[in-house]
Amino acid sequence: MTQDPQNRPLSPHLTIYRPQLNSVLSIMHRITGIVLFFGLLLLIFWFFSMSVGQASFDLFSALINSLIGKLILLGSLCALWYHFFTGVRHLFWDVGIGFGLEWVQRSSYAVLIATISLIILTLLIGVFTV
Amino acid sequence: MIFRSLKGLRGQSHKGVESTNHWIIQRFTSILLIPLSILFVVNFVRVFDKPFIEVLKTFQHPVNNLVALLFILISLWHYRQGIEVVIEDYVHDLGKRNLTLRLIGIMCWFLVIVVIFSFVTIYRMEI
Ligand code: HEM
Ligand code: HEM
């Protein structure tokens, strides 16, 4: 960068930029990655409470099985599978597969469909296990 | 190299090799997380609302115990790598950036200790 650092071109102009499917998916990958940390933290607490003993586990279990607890778990699940599929797509890009506007557009839809399918599948597994 | 922040990314002493290693290890943890997340989530959604004894028995099984442990540890490692890139993109002040990176490093290491302690205790618990 030999340019004057005060005077570089400003791009994109976020305030007038029309959001597109691909750019939204891109930034969502980043956001889900950041948010997933809190799901991970919850998981760590869960296992920690289990290691302390039944009393603390029961308390924590009641917390994550409350309505709010379940909503947080559901949110983490959605974020995980979304990040999973966009992550896999990133890995394909990294080895040079799937570039080109048409392919990117198609794989964006594929990512969304795959994410929704896997969320439903995991919920079914959870519900139908006795 | 494992789970260590890359000094070259921390200051002005950029070294291409270290950045490349960071990139390669980020792909490595991503690939590991593909099978681990599927295996772990399938286990988790089946037991998360069950009573203590049942959950304990599930995670005392050596395979389940190892899958859960690896999923959490590798997620932590992967998160640390990912969040480093995010912070490098948004925190431009080098002093603040280094401080944030260091705090996140300490937090991750603390969590690693908690996780290993928990899993060993769970594995050895008598019912
Ligand atoms: C998490 C998602 C995103 C990441 C990780 C990301 C990352 C990057 C990176 C690393 C560059 C190259 C910068 C450079 O070469 O100096 C770039 C350029 C660019 N990004 Fe993003 N970006 C993301 C989302 C977005 C979104 C949502 C938009 C639009 C609203 C956007 C628009 C652009 C544009 C237009 C450029 C080209 C800028 C230029 O050539 O001057 N990006 N992005
Ligand atoms: C389930 C399997 C997962 C896969 C396959 C995966 C894959 C990926 C990939 C390929 C990247 C790099 C994207 C890029 O180059 O911009 C990435 C970034 C990231 N991941 Fe994951 N990931 C997974 C799980 C997780 C989890 C559980 C967390 C959080 C605890 C997480 C947090 C992040 C963060 C913070 C980033 C940085 C985002 C960015 O730079 O825009 N990931 N992931």
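This is a predicted model: local features need pLDDT of at least 70, side-chain atom pairs count only at pLDDT 80 or more; totals for chains, interfaces and linings use all residues.
## Basis of the model

Residues are numbered from 1 along each chain as written, and chains are lettered from A in the order in which they are written. Local features need pLDDT of at least 70, side-chain atom pairs count only at pLDDT 80 or more, totals for chains, interfaces and linings use all residues, and side-chain values use heavy atoms, without hydrogens or water.

## Ser51(A)

Ser51(A) belongs to helix H1 (residues 21-52) of chain A, a helix being a DSSP run of H or I with at least four residues. Ser51(A) counts as buried because its relative accessibility is 5%, the limit being under 20% relative accessible area (1.4 Å probe, protein chains only).

A polar atom of the Ser51(A) side chain lies 2.7 Å from the backbone oxygen of Phe48(A). Beyond its neighbours within four places in sequence, Ser51(A) is in contact (heavy atoms within 4.5 Å) with Phe117(B), Ser118(B), Thr121(B), Ile122(B) and Met125(B).

## Interface of chains A and B

In total, 37 residues of chain A are in contact with 44 residues of chain B. The buried area, meaning the accessible area (1.4 Å probe) lost by two parts on being put together and summed over both, is about 3300 Å². Carbon and sulfur atoms give 80% of this area.

Two salt bridges are found across the interface, each requiring a side-chain nitrogen of Lys or Arg within 4 Å of a carboxyl oxygen of Asp or Glu. One salt bridge joins Asp94(A) and Arg27(B), with the closest N and O atoms 2.6 Å apart. On the side of chain B that touches chain A, H2(B) gives the most, with 14 residues.

Note on methods: Helices (H or I, at least four residues) and strands (E, at least two) are DSSP runs, numbered from the N terminus. Buried means under 20% relative accessible area, exposed over 50%, partly exposed in between (1.4 Å probe, protein chains only). A polar contact is a pair of N or O atoms within 3.5 Å; within protein, one must be able to donate a hydrogen and the other to accept it, and residues adjacent in sequence count only if both atoms are side-chain atoms.
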